[in-house]
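Keep the structure open while you read.

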Amino acid sequence: MTDFMLSAPTAIGILIAFGVVWICWGWYLGRNNRTIEDYALAGRNVGFAMATATAMATWITSNTTLVAPQLTYQFGVWGMLGYSMAALGLILFAPLAARIKALLPEGFTSGDFIFRRYGRFAWAMFMIISLCYAVGWLVSLGMAGGLLLSSLSGLDYMTGMTAILIICVGYTLLGGLKAVIATDFLQTLIIITGVVIVAWIGIEKVGFDTMHTTLTQQQPELLNLLFPAAIMFFFNNIFFGIGEIFHSNVWWSRAFAFADGVGKRSYLTAGLLWFPIPIVTGFIALAASSLNLAPPSADMVGPMVAAKLLGSAGAVVIFIIVFSALASSMDSLLAATSDLLTQDIYKKLIHPAASSQQLLRANRCIVVALGVATWVVAAFKLATLGALLNFTGAFVASTIWPIVYGLYQPKLAGRWAGVSMLSGTVCGLAGYFIIGFYVAAIVSCAVSLVCCQIGIRKGNVEFQWHELKG
């Protein structure tokens, strides 16, 4: 064990402390949940401060704190800038959130919209994409928990992954969206404070000149602004980030939960505040060569550099930062995916006459099932975080145009929306395997756009917006 790693007892102590606090608080916040709306949408009255914090914290995922350094380590300057472009997803979703709230004031999920707007075929395509993405993101979060402990402490991968899942499933199960949003608020404060401290110390201890000189001598390609694969990644990540947010029920459920007039302002503010975070977290990876670090896996570079810079105390700081980032995303994804499965699978297909109490029980059972399924898949650790995350880009980018046109263009029919999602996903996956992960989202989005444009030009019936409220 190196001198900048946590001892196993310290790591376990931090996990137990955070676990007890978050689970108890989740129980306290959720003790008055009586209906499915209380549990899934926090009563539909979330204010601006909490709304902004939960949007920002949810988007500061393990991918921001672990994959942003990984991509910077692999692609250099374009890696950190490309990842920061994911802020455009939050910013561009701001007007959509207002439109969603206006069109479906009593809506529950993104699946609700697709089903009412496009019909069963497009809804089926959308659900397959949404669930593939949700599982991929959940697994990446579980993997990140294991990687965090294995890179910063003497504990193994399975212990970290299991602990993160138990804690997040516990307080999400007990508190629902109220607990998710409240914990996100505190986690945002922890993350921002910690990231600023790590970056500042990195600049003080290593310095820009040292980093530049070392990279110029040892890894000059990371400073090359004409690095072809990195440029492709930059543009690919823009569409990937937009697709992630536009389609995901994580963001739609918040649009439904936020009070009237809050959604647009909160998403815009969260996007602007989030933008510099990947640049800061990615930047520290450029110090790896100067510190003579050679991480066994590229997705471990961030925690290892931060812990090396700050010593044993730094290991504690980065442990808490990444744990907070993990929890703020995993709880949101568990809640949103369980809502989607409850409303769009259980209620629509299995038990259409289910009461609010039956839906509430089903929702909680699904939260537990998702946690177990995530543990099973993450245990195999089939890919790095970056590879796993970008695999889903082919899926989500295909939904961008059906969502946008579905909200604003009445001439796009359900058949064409479904074809655009199917074709975009297939072509995006082909690009992923034939060319590389850095083109999957671009190809998927382009093919989907072409299909939607054909559908609009061939459309001769206009959708009536009032049907969404029926």
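## Rings, charges and buried polar groups

Trp-465 is partly exposed, because its relative accessible area is 22%. Buried means under 20% relative accessible area, exposed over 50%, and partly exposed in between (1.4 Å probe, protein chains only).

The model is predicted: local features need pLDDT of at least 70, side-chain atom pairs count only at pLDDT 80 or more, and totals for chains, interfaces and linings use all residues. Residues are numbered from 1 along each chain as its sequence is written, and side-chain values use heavy atoms, with hydrogens and water left out.

**Aromatic pairs.** The structure holds 17 aromatic pairs. Rings of Phe, Tyr and Trp (its six-membered ring) pair if their centres lie within 6.5 Å; planes under 30 degrees apart count as stacked, over 60 as edge-to-face and the rest as tilted. Two of the pairs are tabulated.

| Pair | Centre to centre | Angle between planes | Class |
|---|---|---|---|
| Phe-18 / Phe-323 | 5.2 Å | 55° | tilted |
| Phe-463 / Trp-465 | 5.7 Å | 75° | edge-to-face |

Phe-18 lies in helix 1 (residues 8-30) and Phe-323 in helix 15 (residues 301-350), so their pair ties together parts 305 residues apart in sequence. Helices are DSSP runs (H or I, at least four residues), numbered from the N terminus. Both Phe-18 and Phe-323 are buried. One aromatic cluster includes Trp-59, Tyr-133, Phe-246 and Trp-274.

**Charges over rings.** The charged end of Arg-117 sits over the ring of Phe-463, 4.6 Å from its centre. Arg-31 does likewise with Tyr-28, at 3.9 Å. The criterion is NZ of Lys or CZ of Arg within 6 Å of the ring centre and within 35 degrees of the ring normal.

**Asp-331.** This residue is found in helix 15. Asp-331 is buried yet has no salt bridge; Arg-254, the nearest side chain of opposite charge, is 5.4 Å away. A salt bridge needs a side-chain nitrogen of Lys or Arg within 4 Å of a carboxyl oxygen of Asp or Glu. The side chain of Asp-331 makes a polar contact of 2.5 Å with the side chain of Tyr-171. Another, of 3.2 Å, reaches the side chain of Ser-332. A polar contact is a pair of N or O atoms within 3.5 Å; within protein, one must be able to donate a hydrogen and the other to accept it, and residues adjacent in sequence count only if both atoms are side-chain atoms.

**His-247.** Helix 11 (residues 228-247) contains His-247. His-247 is buried, with a relative accessible area of 1%. A polar atom of its side chain lies 3.2 Å from the backbone oxygen of Glu-244.

How values were computed: Helices (H or I, at least four residues) and strands (E, at least two) are DSSP runs, numbered from the N terminus. Lys and Arg count as positive and Asp and Glu as negative; His and the chain ends are not counted.
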